[in-house]
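Visitor: I'd like a close look at just one part of this protein. Could you walk me through it slowly?

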Amino acid sequence: MPAPDLVHGLPPADAAAVLALGVPRELSPGDVLFRLGDRADAVYLIRSGRVSLALPMRLAGRDQDVVVEEYEPGHTLGWSALILIVFVPLAVRKYRSATSR
């Protein structure tokens with residue numbers, strides 16, 4: 001995995017301490033990590049696989065999730081939990097086999 005953006009710039013010992021706080025969570029394709037409007041109470045570091053951020057929209061008379069961004073290993077999701085935003089602004093769905101911590 002590339003150096004995680006979550007700990008970019010930290011000394012190695014501090015980065016290791018921050019990363020040790022995480023709890024692994026496995027996702028299968030199609031699993032939802034969080035949805036628009038959920039409480040923003042966790043930060044996720046993508047360790048493997050790929051996830052997509054999507055906004056629910058009504059297009060051509062159908063409700064569907066529109067992918068606005070995709071993330072790969074090393075990227076952090078859920079920054080809202082660190083800045084006192086109560087609800088998450090996007091939905092995240094597993095795109096390919098993914099592991100977060």
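Visitor: Which residues make up the largest nonpolar core?

Guide: Keep in mind that this is a predicted model. The largest nonpolar core is built from nine residues: Leu27, Leu33, Phe34, Tyr44, Ile46, Val51, Leu53, Tyr71 and Leu77. Two elements, strand E2 (32–34) and strand E3 (44–59), each give two or more residues to this core. E3 supplies the largest share, with four residues. As background, nonpolar side chains in soluble globular proteins tend to be buried together.

Now for the setting. The protein has one helix and six strands, and along the sequence they run α-β-β-β-β-β-β. Of its 101 residues, 29% count as buried. As for contacts between residues at least 6 apart in sequence, 74% of them join residues at least 24 apart.

Have a look at Trp79, Leu82 and Ile83, which form a nonpolar patch on the surface; together they have about 330 Å² of accessible area. Leu82 lies in the loop between strand E5 (76–77) and strand E6 (91–100). Leu82 counts as exposed because its relative accessibility is 52%, and the cut-off for exposed is over 50%.

Note on methods:
Residues numbered from 1 in each chain as written. Predicted model: local features only at pLDDT ≥ 70, side-chain atom pairs only at ≥ 80, totals over all residues. Heavy atoms only, no water. Core = buried A, V, L, I, M, F, W, Y, C linked by side-chain atoms within 4.5 Å. Buried < 20%, exposed > 50% of the residue type's maximum accessible area, 1.4 Å probe, protein only. Patch = residues over 30% accessible without salt bridge, like charges linked within 9 Å, V, L, I, M, F, W, Y side chains within 5 Å. Areas by Shrake-Rupley, 256 points an atom, 1.4 Å probe, with all protein chains shown as cover. Salt bridge = Lys/Arg side-chain N within 4 Å of Asp/Glu carboxyl O. Contact = heavy atoms within 4.5 Å.
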